[in-house]
Amino acid sequence: MSEAMLTVEDLQVNYGDFIAVNGASLSVPCGEIVSVVGTNGAGKSTLFDCVAGVVKPVRGKVTFKGEDITGLPAHEIVAKGLTLVPQGSRCFIRMTVEENLFMGSYTKKARKGYRDSLKKVYELFPVLYEKRNDLSGSLSGGQRQMVAIGRALMNAPEMILFDEISLGLAPTVIKDIYARIKEINAGGVTAVLIEQDVKRSLRTSAQCDVMLKGKVVLSGKSGDLTEEQIKLAYFGV
Amino acid sequence: MAQALINGILLGGLYAIVGVGMSIIFGIVKLTNLAHGDFVILGAYLSLAVSTATGLHPFASFAIVLPVMFGLGFAIQRTMVNRLLTRGDEPPLLVMFGLSIIIQNLLLQFFSADAQHLRSTYDIGSIKIGDTGAIIPLMFLIDCIIGVAIILALNMFMKKTYVGNAIRAVSDDNTAARIMGVNVPLVYGVAMGVAMVTAALAGVLVGMTYTIYPTSGSQYLIISFGVVVIGGMGSIKGTLVAGLIFGLAQLLGSYFLGTSLQLLAGYVIILVMLAVKPRGLFAK
Amino acid sequence: MAAFLTFDHVDAGYGAVKILKDLSFQVEEGSILGVIGPNGCGKTTMFNALIGLIIPTEGHIKFDGRDITKLPPNKRSRMGLGRTYQVPRPFENMTVFENVLTAAVQGGGENERTGAKTARDALELTGLLPKADVRAGELTLLDRKRLEIARALGTEPTLILLDEVAAGLIDSEIKDIMALVRSLKDERGLTVIWIEHVIETMVHSTDVLMCMSDGHELLIGDPLEVMHSKQVEEVYLGAAEEGEEAV
């Protein structure tokens, strides 16, 4: 495999004295799609919130493109080309679709490319162009996810973390969004899919990491992992 | 009656600019700025000091007063309020209350308790409307035009610039704004700076229109409250309509009930709004 | 022997949103039932229907020989239904003992004297007796979880509902909690219903495991057998959809 774009070493994240991530380590190769799966409460979202700078770690190290980014604030990490699509889309619901996308290009580097990025996003999601003047709060769940993904793309990132984008969406919508993610990846963006739906993420990703109780307990090429291995890692029994 | 209507409408523009800063801070920092009225009066006194020292016209004093007030707002937010925001609602509230007392006493110290007025030639001018007997007081007209212009400009700033959009985005979803690259504490500082600038603009207009005292702040805090409650927190356009309603309520109240009940009419409108539409006319 | 608790074809939800769909299961007296299922499967709604926060639109809930479908929460509590909260919320400025005493007097309807004995017993069982005079706000997460259980015991329940009492704990602490839950059954003869995401814990410390899916009981039975079933695997890991590769 090629060189790693993101590495996480022995990361621990607490909420008060609640240990959400407890010594997790993983590595994401350049240009790949990696899926991170696990049951609810396994620590997946917290791990990547920490990578993106939304929460601070207690110990451990996060390296992005060879640079130590541990504990940096979120706005500095996004400026380095690592963008999070947060769980539940978290669009700015009182702003229009286009204003949301405008906010996506907030970093200095991204502002110059605003026009080009906007064109690309509208090509990828034509429905967003149709609804560009609508408040994002008035959109359907699937369309809001598209806004959230488009907003992340506006930053022209090298890596996107997708946190449970399929949650609560209809299967046909999920299928469509996954197809877009493959397109985005083919365009050179490294992707991490944080998912509960193991089978779907296995089909999409080159590498799969399984989390259990705050740790990464299994990691391998998606094609090499057996169902038994994954099940054991996923449930712990 | 016609005169009360004219004055009420024109006053609406002034009230909108008095309240808009409070509305911004309500909507974005989620803070009830109890010192907002004093910020307005502080702006007026700063202008007075500049005019006295340099002989500049009150409008020309903006060149000095506005940057100073922006810096002051930014500094207050960054050094005092930001670090308290994680500790619940009360500590920042108390800080602003404390600031209110400090400002009032500093003004007393430096300017005495005497009435002051920002002098200009507009005070005495007026425009007659046909032969109805009603007049448009020139200063009221200027208040209204400047007030409306600033509200519209502020609305453009919020919609068209990165900083303005960032301010709105933070008020919508703080965390999402952070992962888009927004430095939230910095934006809070800028928002407070902008609120202070609007307070200063309002203060100068107030000082040119009426007489002011170091303790006048509470009167304008109540007007701000009224505008925020009627217009809806954080809605800039709402403040304009709310200013109009509040201004009309006061002047018509004064016309029908007598001057002594002018303030009461305003409060009644606030109470009715709280009972009927507690989130304001333009709450989203 | 008649079941201690029965859900009989229960439908329930919030307004127009139906979450529980024809849910049926039984719990034997003195046994531990574990409840698992992926996010959104209706575990919490089942819990709320059981303690009386929502009233089912269809079906019946029977507890201790009585139909409690429409009984208000406080009456269920007096009948012996105790619960813990997912996020522990003790009165932080009161001591551990005072917290449990409050539960006994307020929730259990005892006077101060009998309540004090109940509280002491609850603290002894949960291992909190040495910390009886510590302020609740100073406890570690593990001890706060223990206190949650002690407070539930204060109401002198016969059936106790545990909501994610192991969440956020490290392995060694989870073992302590597992032993404590076990002792609720062995030493007090309590019936336990336990919701948890940490599946490993559930397999090793429950008598019967129920996996829910889409508001319905998917499978009930021996914990290991349930975990190794094809149905449960599909609910968690997703079904293999053929031809999806072609997108």
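Predicted model: local features only at pLDDT ≥ 70, side-chain atom pairs only at ≥ 80, totals over all residues.

Let me start with chain A and chain C. On the chain A side, 23 residues are in contact with 30 residues of chain C. Together the two chains bury about 2,600 Å², and 53% of that is on carbon and sulfur atoms. Within chain A, the residues that lose the most area to chain C are Arg203(A), Phe235(A) and Val237(A), which together make up 25% of what that side buries.

Next, the polar side of this interface. Between chain A and chain C there are 10 residue pairs in polar contact, counting those with both residues at pLDDT 80 or more. Which elements of chain A give two or more residues to the side that touches chain C? They are strand 2 (18-29), helix 8 (171-186), helix 9 (198-204) and helix 10 (227-235). By type, the residues on that side are 10 charged, 8 nonpolar and 5 polar.

Now the salt bridges. Over all chains the count is 27, and between chain A and chain C it is 6. Take Lys213(A). Its side chain meets that of Asp171(C) in a salt bridge, at 3.0 Å from N to O. Lys213(A) also forms a salt bridge with Glu200(C), where the closest N and O atoms are 2.9 Å apart. Glu200(C) sits in helix 7 (residues 199-205) of chain C, and Lys213(A) in the loop between strand 9 (207-212) and strand 10 (215-221) of chain A, so this pair joins two chains. Glu200(C) is partly exposed at 24% relative accessibility, and Lys213(A) is partly exposed at 25%.

There is also a network of salt bridges that links Lys199(A), Glu227(A), Lys231(A), Lys230(C) and Glu233(C). Within it, Glu233(C) and Lys230(C) meet at 4.0 Å, N to O. These two lie 3 residues apart in helix 9 (residues 230-237) of chain C, about one turn of the helix. Glu233(C) is buried, at 4% relative accessibility.

Last, the rings. The structure holds 15 aromatic pairs over all chains. One of them is Phe70(B) with Phe74(B), stacked at 6.4 Å centre to centre with 15° between the planes. Both are in helix 3 (residues 62-81) of chain B, 4 residues apart, so about one helical turn separates them. Elsewhere, ring pairs link Phe102(A), Tyr106(A), Tyr114(A) and Tyr162(B) into a cluster.

Technical notes: Residues numbered from 1 in each chain as written. Chains lettered and ligands numbered in written order. Heavy atoms only, no water. Contact = heavy atoms within 4.5 Å. Buried area = accessible area lost by both parts, 1.4 Å probe. Polar contact = N/O pair within 3.5 Å; in protein donor to acceptor, adjacent residues only side chain to side chain. Nonpolar A, V, L, I, M, F, W, Y, C, P; charged D, E, K, R; others polar. Phe/Tyr/Trp six-rings, centres within 6.5 Å; stacked < 30°, edge-to-face > 60°. Buried < 20%, exposed > 50% of the residue type's maximum accessible area, 1.4 Å probe, protein only.
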